[in-house]
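Me: I would like to learn how to read a protein model. Can you take me through it step by step?

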Amino acid sequence: PRVTMMIEASRQKGIPFIAHVEFGAMGWDKSGYLENLETFLAANRDVPIGMIHMGQLDSEDAQRLLPKHPNLFFITSHCNPVAYSHNKQPWTRMIIGAEFAPEWRKLLLANPDRFVFAMDNVFSFHWKDMFLPQIEVWRKTLATVPDDVAHAVAHGNAERLWKLPPTK
């Protein structure tokens, strides 16, 4: 009932619904939950649905989902080496060093409108110890893709999805 209420609110307000599902942490029934996600995406095609932390999905799952679900987009929180070096969570390894992993680079270049840059600063160590190093990685990594792709990921997609005024 809560999910139904929230998806309806997203639909009415014309804003994205953010799904916080961490598939990497659910070894016990990942395939069942992926099927449920696909059913949910298909039933709500009129609502953009973002996967926080990239859903902790791997590139193969993303490659399969993106063409089938035009309302799906990925939110990049915790998918950089600074984040995955600070704990043992199974974050999506989208960036290696300061470059996109080859399989993610290919997906990003093919679907630049489906990724939204984000940080997840829940605890004080996120903004005290990790924030600036993560920003540095993202700056270097986004500089490795064409400007229009970097612009879309860094802020253009968020502006479009949340109907925000463009940055200057």
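Reply: Buried means under 20% relative accessible area, with a 1.4 Å probe and protein chains only. Strands are DSSP runs (E, at least two residues), numbered from the N terminus. This is a predicted model: local features need pLDDT of at least 70, side-chain atom pairs count only at pLDDT 80 or more, and totals for chains, interfaces and linings use all residues. Residues are numbered from 1 along each chain as its sequence is written, and side-chain values use heavy atoms, leaving out hydrogens and water.

Me: In which sense do strand 2 and strand 3 pair?

Reply: Two strands pair if DSSP finds at least two bridges between them. Here strand 2 (residues 49-51) and strand 3 pair in the parallel sense, over three bridges. M51 has F74 as its bridge partner in strand 3.

Me: How many residues has the largest nonpolar core?

Reply: A nonpolar core is a set of buried Ala, Val, Leu, Ile, Met, Phe, Trp, Tyr and Cys residues joined through side-chain atoms within 4.5 Å. The largest has 40 residues; F74 and F115 are among those with the most contacts inside it. Apart from it lies another core, of seven residues, including F73 and I75.

Me: What does F115 touch?

Reply: Contact means heavy atoms within 4.5 Å. Leaving aside neighbours within four places in sequence, F115 is in contact with residues including M54, F74, W104 and A152.

Key
Buried < 20%, exposed > 50% of the residue type's maximum accessible area, 1.4 Å probe, protein only. Helix = DSSP H or I, 4+ residues; strand = E, 2+ residues; numbered from the N terminus.
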